[in-house]
Amino acid sequence: MRPFSPLARGIRLSLALAASVSLSACIQLPSLDKLPSVAGDKVMGLVTPYRLEVVQGNVLTKELVARVKPGMSRAQVRDLLGSPLLTDMFHENRWDYVFTIKRQGAPEQKREVVAWFDGEKLKSIDAPADLPTENEFIALINTFKPTKPVPKLELSEAERKALPTPPKPDVTATEPAGPVRSYPPLESKS
């Protein structure tokens with residue numbers, strides 16, 4: 001019997017691999033209706049895929065929009081609100097500030113603020129009524145909710161006054177304990 005050539009060995013190996021792959025495909029997966037039901041966006045009801053956080057545009061809050069007043073120049077508006085997300089050469093009197101955020105574990109948010117100009121001066125600003133304050137915005141995007149109540153770190157003035165006054169320690173002169181040593185002077189007299 002003669003040994004197999006490298007070509008014949010390669011062909012037999014590839015056939016063996018093809019047979020094992022085709023046999024492994026015959027394993028029956030459970031039907032989707034028999035998988036455990038899990039709420040959320042889960043793949044096959046088992047694994048939650050990572051969702052990329054998408055933030056676009058300028059975060060505009062009530063405090064920022066309140067600082068913008070009619071009569072301001074385009075440069076002043078840009079300094080306060082940032083560069084607009086949309087500007088159109090056919091509508092030069094309009095700047096659109098659009099903000100969207102998509103985070104896993106938080107609701108999707110979308111807000112639009114439009115600044116209208118008359119030449120180089122701001123004529124008006126259109127902002128939605130539900131524009132959040134800075135604290136409300138932070139609370140909306142915070143997905144790490146504390147599970148335990150935050151401990152109180154400071155006493156109120158009334159609680160401080162209710163505390164008992166500490167006793168004053170007795171101040172009595174005590175003799176030094178241990179041997180008494182005399183040391184030479186630090187500076188020599190010359």
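**Contacts and charge pairs**

Apart from its neighbours within four places in sequence, Glu-154 is in contact with Glu-159 and Arg-160, contact meaning heavy atoms within 4.5 Å. The model is a predicted one, in which local features need pLDDT of at least 70 and side-chain atom pairs count only at pLDDT 80 or more, while totals for chains, interfaces and linings use all residues. Residues are numbered from 1 along each chain as its sequence is written, and side-chain values rest on heavy atoms, with hydrogens and water left out.

Glu-154 sits in the loop between α4 (134–141) and α5 (157–162). Helices are DSSP runs of H or I with at least four residues, strands are runs of E with at least two, and both are numbered from the N terminus. Glu-154 counts as exposed because its relative accessibility is 59%; the classes are buried under 20% relative accessible area, exposed over 50% and partly exposed in between, with a 1.4 Å probe and protein chains only.

The contact with Arg-160 is also a charge pair: the side chains of Arg-160 and Glu-154 form a salt bridge, N to O 3.9 Å. A salt bridge here is a side-chain nitrogen of Lys or Arg within 4 Å of a carboxyl oxygen of Asp or Glu. Side chains of opposite charge can pair when their charged atoms come close. Arg-160 is partly exposed, at a relative accessible area of 41%.

Asp-96 is buried, with a relative accessible area of 14%, whereas Arg-94 is partly exposed at 29%. Another joins Lys-110 to Glu-112, with the closest N and O atoms 3.8 Å apart. In that pair Lys-110 is exposed at 54% and Glu-112 is partly exposed at 45%.

As for the setting, the protein holds 5 helices and 5 strands, in the order α-β-α-α-β-β-β-β-α-α along the sequence. Of its 190 residues, 17% count as buried. Among contacts with a separation of 6 or more, 45% are between residues 24 or more positions apart. The accessible surface comes to about 16,300 Å², and carbon and sulfur atoms contribute 60% of it; the areas are from the Shrake-Rupley method with a 1.4 Å probe, and for residues only the protein chains shown count as cover.

Among the strands, β4 (residues 109–118) runs antiparallel to β5 (residues 121–126), joined by 5 bridges; two strands pair if DSSP finds at least two bridges between them. Within this pair, Val-114 stands opposite Asp-126 of β5. The hairpin of β4 and β5 has 2 residues between the strands, and Gly-119 in it takes a positive phi near 75 degrees.

Helix α3 (residues 74–81) has Arg-74, Val-77 and Leu-81 as its buried residues. Seen down the axis of α3, these residues fall within an arc of 60 degrees, so they line one face of the helix; the arc is that of the directions from the helix axis to the C-beta atoms. Their cover includes β4 and β5, along with α2 (62–67) and β3 (91–102). Ala-75 also lies in α3, but this residue is partly exposed, at 46% relative accessibility. The C-alpha atoms of Ala-75 and Lys-121 are 9.4 Å apart, although 46 residues separate the two along the chain. After α3 comes Gly-82, with a positive phi near 90 degrees.

The surface also carries a nonpolar patch of Leu-7, Ile-11 and Leu-15, with about 330 Å² of accessible area together. Patches are made of residues with over 30% relative accessible area and no salt bridge, like charges being joined within 9 Å and nonpolar side chains (Val, Leu, Ile, Met, Phe, Trp, Tyr) within 5 Å. Ile-11 lies in helix α1 (residues 6–24) and is partly exposed, with a relative accessible area of 46%.
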